[in-house]
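Here's a quick briefing to read alongside the structure.

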Amino acid sequence: MILIQRIPGFKKKFFHETINYLWQMQVDYIVVGLGLAGLAFTQELEKNNKSFIVFEDNSQNSSLVAGGMYNPVILKRFSPVWNAIPQLKKALPFYRMMEEKFNRKYDYKIDIYRIFKSVEEQNNWFVSADKSKLSPFMDTKIINKKFNGVISKSGFGRITETGRIDTISLLRDYKNYLNVEEKLIQESFNYAQLNISKEKVSYKKYSAKKVVFCEGFGIRQNPFFSDLPLTGTKGELITVHAPSLNINFLIKAAVFVLPLGDNYYRVGATFNWTDKTLNPTIEGKEELVSKLKTVINIPFEVVEQKGGIRPTVKDRRPLVGKHPKYRNLAVLNGLGTRGVMIAPTVAEQLYNHLEKDKELDNEIAIERFL
Ligand SMILES: Cc1cc2nc3c(=O)[nH]c(=O)nc-3n(C[C@H](O)[C@H](O)[C@H](O)COP(=O)(O)OP(=O)(O)OC[C@H]3O[C@@H](n4cnc5c(N)ncnc54)[C@H](O)[C@@H]3O)c2cc1C
């Protein structure tokens, strides 16, 4: 047994601080939350050889219930998604890199077929497809083919370069990997136990240079960042089995219908701005079923239902940056309805901001609300 004695003349406070420091595990970063934001940020840390520990308590699940789609076109108005082209340029290699890391497929390329409600919508489609930000993705040929069980009077417009990330498998594999590496603590981060000084933070047995909070809607409980205007929008999805529906593209109409294989389809999603619980509701299911009946007219059975809160912000832009007073605390949040595409870009921007003092884009910096 090692006996540590206080050297006479050594100040008691300094002695205790030294002993604490020796006991503590030193890391560069503590990361709170392991959804898409936490995953993308810890990947930045790994890439740059920074040490870290992650806390995850399964209190939120947006990344796990997400449809996982990436799509550069807003399908209601046929307009470009904010910064879609640069975001896709970063996101697609990011998910490829994850596929290589774990030797598993996560990125499933799939076209989107938008059902036209009218000839007028077809005309709007052509106007948009001519625009430089949209032309790489919008096919100018109208698809008039009939598909068994799919209701369409005015045909479909096809969007390409789109796909689905299997976020469940990706996050499961990444959690297993962090577990093996002893970098994942499966418990709630308790803000009251965080000690902050100018140079470092300490939390239980960890001492870190910085903490990055990637808590999704959980930020509402975080006393350091709860003032940020993250409203949260609940979304529900159902999975249906439709034995005679045989499509290998995603249909977008009143709902999206995403093929999962073996005649299973994910159908979503609802938008609810008042209910902040994660549990699936009867109203959510009824809404999705009745909308699905306007898209397909063949039998189906609901086999699963899920709910989660999208971390949405009133101006629909991410929330990124350092705490105004505690400069070694930072936030990566507000990925809204498009975390798959946005997360890798904003994680890199936050890393460069924290480590290289690079300015954040005004559009994502939390300073816009301070
Ligand atoms: C129904 C639905 C469908 C969606 N479809 C799509 C889609 O098709 N494409 C797309 O791009 N996006 C989609 N989204 C949005 C997408 O899910 C989000 O943008 C993204 O997943 C948010 O990731 P996040 O890491 O910020 O949050 P989350 O995924 O919520 O992760 C936050 C994590 O932090 C943890 N946490 C929180 N507080 C603490 C604490 N104190 N201690 C420890 N851990 C904590 C939580 O448990 C959670 O794991 C959808 C969302 C929903 C709800």
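Of the 37 residues around the ligand, which come nearest? They are Glu56, Ser62, Ser63, Met69 and Gly336. Keep in mind that this is a predicted model.

**Who lines the ligand**
- Sorting the shell around the ligand by residue type gives 15 nonpolar, 16 polar and 6 charged residues.
- Several elements each supply at least two residues of that shell: helices H2 (36–47), H3 (62–65) and H8 (339–356), plus strands S14 (233–241) and S18 (301–310).
- H3 gives the most, with 3 residues.

**Backbone contacts to the ligand**
- On the oxygen side, a polar backbone atom of Gln60 sits 3.1 Å from an oxygen atom of the ligand, and a backbone N or O atom of Asn58 lies 3.3 Å from a ligand oxygen.
- As for cover, the ligand on its own has 1000 Å² of accessible area, and the protein covers 96% of that.

**A look at helix H6**
- H6 runs over residues 167–180, which makes 14 residues.
- From first C-alpha to last, H6 reaches 20 Å, close to the 20 Å expected at 1.5 Å a residue.
- Its buried residues are Thr167, Ser169, Leu170, Leu171, Asp173, Tyr174, Lys175 and Leu178.
- An α-helix has 3.6 residues a turn, so residues three or four places apart point the same way.
- After H6 comes Glu182, with a positive phi near 55°.

Terms used
Residues are numbered from 1 along each chain as its sequence is written. This is a predicted model: local features need pLDDT of at least 70, side-chain atom pairs count only at pLDDT 80 or more; totals for chains, interfaces and linings use all residues. Side-chain values use heavy atoms; hydrogens and water are left out. A residue is near a molecule or strand if one of its heavy atoms lies within 4 Å of it. A polar contact is a pair of N or O atoms within 3.5 Å; within protein, one must be able to donate a hydrogen and the other to accept it, and residues adjacent in sequence count only if both atoms are side-chain atoms. Accessible areas come from the Shrake-Rupley method with a 1.4 Å probe; for residues, only the protein chains shown count as cover. Helices (H or I, at least four residues) and strands (E, at least two) are DSSP runs, numbered from the N terminus. Ala, Val, Leu, Ile, Met, Phe, Trp, Tyr, Cys and Pro count as nonpolar, Asp, Glu, Lys and Arg as charged, and the others, Gly among them, as polar. The expected span of a helix is 1.5 Å times one less than its number of residues. Buried means under 20% relative accessible area, exposed over 50%, partly exposed in between (1.4 Å probe, protein chains only).
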